[in-house]
Amino acid sequence: MTETAKRSLRAGLRWTSLRLRLVVVFALVALVAAVSASGIAYWLNREAVLTRTQDTALDDFRRQMQETAAALPTRPTKDDLQRAAGAMASSSLGYSVLLEAERERGKPIVGYSDLDTFTRAHVPDSLQEQVARKQPLTSSNEHEYHLFWQRTSIAGTPYLVAGTRIIGGGPTGYMLKSLDQERQDLNSLAWSLGIATALALVGSALLAQAAATTVLRPVQRLGDAARKLGEGKLDTRLVVSGTDELADLSRTFNRTASSLEKKVADMSAREEASRRFVADMSHELRTPLTAITAVAEVLEDEADALDPMIAPAVHLVVSETRRLNDLVENLMEVTRFDAGTARLVLDDVDVADQVTACIDARAWLDAVHLDAERGTMARLDPRRLDVILANLIGNALKHGGSPVGVRVRTEGEELVIEVRDHGPGIPEEVLPHVFDRFYKASASRPRSEGSGLGLSIAVENAHIHGGDISAANSPDGGAVFTLRLPRDAERIIRNEEPGADAPGEDGAT
């Protein structure tokens with residue numbers, strides 16, 4: 001299974017996925033519709049079946065009472081009732097009959113068509129009371145007695161029980177009609193409707209899946225394209241077909257991607273041109289700056305013999321020339337980092353000796369206190385480590401004043417160098433920006449003695465080693481810069497892309 005298919009499957013199984021919600025909604029709609037339709041169909045068929053069976057049985061029983069029971073003598077015998085009940089029950093409708101009369105006043109006699117199937121005990125009391133009650137004669141009621149019926153259940157089997165009385169002193173008759181066949185028919189109908197509902201539910205789920213696939217496939221392709229676009233593949237485009245809303249969305253995505261690709265290309269071209277301009281400008285400035293620096297140094301040597309009014313100007317020219325020279329060198333270093341051409345020249349270095357050499361070369365021995373054990377070895381670029389230390393210690397001396405403490409220690413496979421001053425510290429709002437290029441903490445001080453690139457170059461040199469620099473304020477006062485480097489930066493060389501400069505080459509001078 002491909003990664004795209006796995007991602008689609010995982011997305012489809014999430015409760016929040018559009019596919020699952022679409023399937024669930026389709027299924028719920030189909031379930032409600034199918035259950036409603038099945039319920040209505042079952043109820044209508046149930047009423048139709050029961051009403052038809054009931055009306056047929058009641059009409060036949062009424063006719064039998066009029067033809068058979070009404071023909072009995074006023075004082076029938078038990079045999080008369082028995083024969084009449086049997087004759088009435090012989091109907092093709094298959095109901096049982098019970099006839100009740102009086103041989104003498106207060107001495108009832110009963111005839112059964114089937115004593116095992118139907119007795120007086122099977123007739124509900126409420127039905128007996130209705131049948132025996134004499135109805136008052138009115139303009140709308142011409143008969144004293146009526147036919148009453150009731151549905152009941154005996155031993156779990158549904159029955160129709162009905163009863164009436166012959167007008168003029170004839171016998172009272174009851175019939176018992178089993179509705180078990182109708183119940184079986186209705187149960188079969190219910191099973192059929194249930195199966196139909198289940199099939200409708202499965203069909204709706206399949207339909208929803210098909211609809212979700214049809215609708216979501218373009219959405220998924222759009223999501224994959226957006227993901228690739230976010231990963232930097234700006235040439236990503238969608239194949240557009242159709243004229244629906246999703247096709248319009250795909251066309252909009254393609255137009256947006258094309259516009260973004262063009263703008264990024266323009267920005268990259270401008271950025272490359274800007275870097276090339278800075279690099280070319282810095283390179284071109286080096287030749288005249290070298291000459292100017294030489295002349296400035298000669299002037300500085302002769303400053304004491306010059307007119308006292310001119311000497312301060314000479315010292316200012318010399319200072320600014322050196323500052324401009326440092327700025328040009330820093331600009332060239334920054335352009336190498338931006339262009340990705342900066343490379344490491346690794347060597348095994350005694351870190352304590354390297355820090356001491358950096359401090360000694362800049363005549364900072366009296367202003368810096370070093371806490372480092374000799375013999376702490378690390379494989380790194382000594383020139384770049386010197387640049388990092390010079391910027392961190394020089395920054396501490398400039399803004400924090402002496403003494404500056406430098407502590408070297410190891411933590412596992414990491415080399416940790418802390419540079420701490422005893423100045424006022426770094427304002428909290430400045431901390432996030434201390435490594436930004438040309439950042440100034442105060443707008444009222446637009447000019448500073450440095451180039452504004454020192455800390456930025458230091459952190460870039462740390463990054464190229466696979467390390468980092470952090471800035472914080474010490475609880476005891478002063479700022480603390482912490483440099484963390486891997487003790488073996490060889491892995492950085494191994495991970496360089498093919499085609500890069502071989503180890504040992506460096507574009508810096």
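Leaving aside neighbours within four places in sequence, Thr-197 is in contact with Leu-31, Ala-34, Val-35 and Ser-38, where contact means heavy atoms within 4.5 Å. The model is predicted: local features need pLDDT of at least 70, side-chain atom pairs count only at pLDDT 80 or more, and totals for chains, interfaces and linings use all residues. Residues are numbered from 1 along each chain as its sequence is written, and side-chain values use heavy atoms, with hydrogens and water left out.

Thr-197 lies in helix α5, residues 180–230. Helices (H or I, at least four residues) and strands (E, at least two) are DSSP runs, numbered from the N terminus. With a relative accessible area of 11%, Thr-197 is buried; the term buried stands for under 20% relative accessible area, exposed for over 50%, and partly exposed for what lies in between, with a 1.4 Å probe and protein chains only. The side chain of Thr-197 makes a polar contact with the side chain of Ser-38 at 3.0 Å. It also reaches the backbone oxygen of Leu-193, at 2.8 Å. A polar contact is a pair of N or O atoms within 3.5 Å; within protein, one must be able to donate a hydrogen and the other to accept it, and residues adjacent in sequence count only if both atoms are side-chain atoms.

Leu-31, one of the residues that Thr-197 contacts, is found in helix α2 and is partly exposed, with a relative accessible area of 32%. Together with Val-24, Leu-28, Val-35 and Leu-201, Leu-31 forms a nonpolar patch on the surface, with about 360 Å² of accessible area in total. Helix α2 (residues 18–67) supplies the largest share of this patch, 4 residues. Patches are made of residues with over 30% relative accessible area and no salt bridge; like charges are joined within 9 Å, and nonpolar side chains (Val, Leu, Ile, Met, Phe, Trp, Tyr) within 5 Å. Accessible areas come from the Shrake-Rupley method with a 1.4 Å probe, and for residues only the protein chains shown count as cover.

Helix α5 also holds Asp-180. Asp-180 and Tyr-159 are 21 residues apart in sequence and 7.5 Å apart in space, C-alpha to C-alpha. Apart from neighbours within four places in sequence, Asp-180 is in contact with Thr-157 and Pro-158.

Attention now turns to helix α8. The buried residues of this helix, which spans residues 351–361, are Val-351, Ala-352, Gln-354, Val-355, Cys-358 and Ile-359. These residues lie on the same side of α8, because they cover an arc of only 165° around the axis, the arc being that of the directions from the helix axis to the C-beta atoms. They pack against strands β6 (347–350), β7 (368–371), β8 (377–380), β9 (404–411) and β10 (414–420), and against helix α9 (382–399). At the start of α8, a side-chain oxygen of Asp-350 comes to within 3.1 Å of the backbone nitrogen of Ala-352. Just after the helix, Ala-363 takes a positive phi of about 60°.

Arg-362 and Asp-386 meet through their side chains in a salt bridge (2.8 Å, N to O). This pair links distant parts of the chain, 24 residues apart: Asp-386 is in helix α9, and Arg-362 is in the loop between α8 and β7. Asp-386 is buried, with a relative accessible area of 19%, whereas Arg-362 is partly exposed, at 31%. Helix α9 contains Asn-395 as well, a buried residue with a relative accessible area of 17%. Not counting residues up to four places away in sequence, Asn-395 touches Gly-400, Leu-455 and Phe-481.

The structure holds 20 salt bridges, each defined as a side-chain nitrogen of Lys or Arg within 4 Å of a carboxyl oxygen of Asp or Glu. One of them joins the side chains of Glu-100 and Arg-120 (2.3 Å, N to O). Here too distant parts of the chain are linked, 20 residues apart: Glu-100 is in strand β1 (residues 96–104), and Arg-120 is in the loop between β2 (107–112) and α4 (125–132). Glu-100 is buried, with a relative accessible area of 17%, while Arg-120 is partly exposed, at 32%.

A further salt bridge connects Glu-418 with Arg-409, the closest N and O atoms being 2.8 Å apart. Glu-418 is partly exposed, with a relative accessible area of 21%. Both residues belong to a network of salt bridges that links Arg-409, Glu-411, Glu-414, Glu-418 and Arg-484.
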